[in-house]
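Reader: Please take me through this model, one topic at a time, and spell out each criterion as it comes up.

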Amino acid sequence: MQVDILTLFPKMVSGIFSESILGRAVEKSLIRVNLHDIRDWSTDKHRRVDDRPFGGGAGMLMAPQPVFDAIEAVRGDDTVDEIIYLCPDGEPLTNTLARELSQKKRIILLSGHYEGIDQRIRDTLITREVSIGDYVLTNGTIAAAVLVDCIARQIPGVLGEENSLTSDSFNANLLSFPQYTRPEVFRGMPVPPVLLSGNHAAIKRWRHEQQLKKTQERRPDLLSKDI
Ligand code: ADE
């Protein structure tokens with residue numbers, strides 16, 4: 001899959017795509033990530049990309065010209081499956097959404113800055129709007145990187161063990177169970193005996209109970225959601 005990220009701050013996230021699991025996915029060509037600086041398409045002599053909102057109000061808006069030109073140039077004549085704008089008022093990012101997007105061949109991500117972007121960009125170019133949570137970041141660049149990370153780990157071959165996905169938090173609407181490694185006792189704290197029992201059915205049952213307990217305590221809303 002190919003992802004093009006349009007942002008005013010490509011350097012903010014460039015390192016992320018060459019490190020760890022994401023870096024290996026890029027190396028193995030399971031995902032290709034291109035970062036583009038929207039300012040490169042500004043026709044202003046000072047490379048400005050923002051302007052004051054009509055009707056007044058605080059802050060500056062990203063103007064249509066650089067964004068339209070950037071998206072059209074990056075898209076070229078190819079078909080693009082989605083052009084996604086990262087913003088706090090978009091649809092919430094979930095593993096389900098990331099899984100759906102991981103099946104696409106080509107997506108373009110637009111990261112906003114200032115108080116937002118001219119509505120005409122949203123009305124005509126953008127096919128989908130995504131929020132990474134109910135809080136506001138200084139700009140959408142980190143949000144785009146979060147979305148790419150979340151999508152990439154759903155692509156077959158990106159995670160070492162395919163199983164890692166099934167023991168994830170949110171799989172089957174449950175949070176993850178507690179995990180332990182050696183030593184069996186650390187600073188007086190023992191590992192739950194069931195995990196050392198070798199009884200796979202009992203371990204499975206215990207893990208499921210732990211998932212239910214944690215989900216009930218922390219995210220009871222998940223238990224009433226459709227799977
Ligand atoms: N830009 C600023 N805040 C954001 C959020 N929560 N999600 C996506 N993009 C954003």
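Author: Let me begin with burial: a residue is called buried under 20% relative accessible area, exposed over 50% and partly exposed in between, with a 1.4 Å probe and protein chains only. The model is predicted, so local features need pLDDT of at least 70 and side-chain atom pairs count only at pLDDT 80 or more, while totals for chains, interfaces and linings use all residues. Residues are numbered from 1 along each chain as its sequence is written, and side-chain values use heavy atoms, with hydrogens and water left out.

Reader: Is alanine 152 buried or exposed, then?

Author: Alanine 152 has a relative accessible area of 0%, so it is buried. It lies in helix α5, residues 141-152, where helices (H or I, at least four residues) and strands (E, at least two) are DSSP runs, numbered from the N terminus. Alanine 70 is 82 residues away from alanine 152 in sequence, and the two C-alpha atoms are 24 Å apart in space.

Reader: And what share of the chain is buried?

Author: Buried residues account for 41% of the chain's 227 residues. The chain has eight helices and nine strands, and its C-alpha atoms fill a box of roughly 70 × 40 × 35 Å, taken along the principal axes.

Reader: Which domains does the assignment give?

Author: The assignment, which is automatic or taken from a database, gives domain 1 over 2-153 and domain 2 over 169-224. Their C-alpha centres lie 37 Å apart.

Reader: Let's turn to the strands. Why would you call β1 largely enclosed?

Author: Strand β1 covers residues 2-7, and five of its six residues are buried, so the rest of the structure largely encloses it.

Reader: Which strands does β1 pair with?

Author: Pairing here requires that DSSP finds at least two bridges between two strands. One partner is β2, residues 32-37, which runs parallel to β1 and is joined to it by six bridges; within this pairing, threonine 7 stands opposite aspartate 37. The other is β6, residues 106-111, which pairs with β1 in the parallel sense over five bridges, and there leucine 6 has leucine 110 as its bridge partner.

Reader: Now pockets, please. What volume does the largest one have?

Author: About 380 Å³. On a 1 Å grid over the protein atoms alone, a pocket is an open set of points where a 1.4 Å probe fits, with protein on both sides within 12 Å along at least five of seven lines, and lining residues have an atom within 4 Å of a point. Points are joined across faces, edges and corners, and the volume is the space filled by probe spheres set on them.

Reader: Which loop holds asparagine 173?

Author: Asparagine 173 sits in the loop between α6 and β8. Its phi is positive, about 60 degrees, although it is not a glycine, and with a relative accessible area of 11% asparagine 173 is buried.

Reader: What about arginine 47, which also has a positive phi?

Author: Phi of arginine 47 is near 60 degrees, and this residue is likewise other than glycine. Arginine 47 belongs to the loop between β2 and β3, the latter being 50-51, and its relative accessibility of 37% makes it partly exposed.

Reader: Which peptide bond is cis?

Author: The bond from arginine 182 to proline 183 is cis, with omega near 5 degrees. Proline 183 is found in the loop between α6, 163-166, and β8, 185-186.
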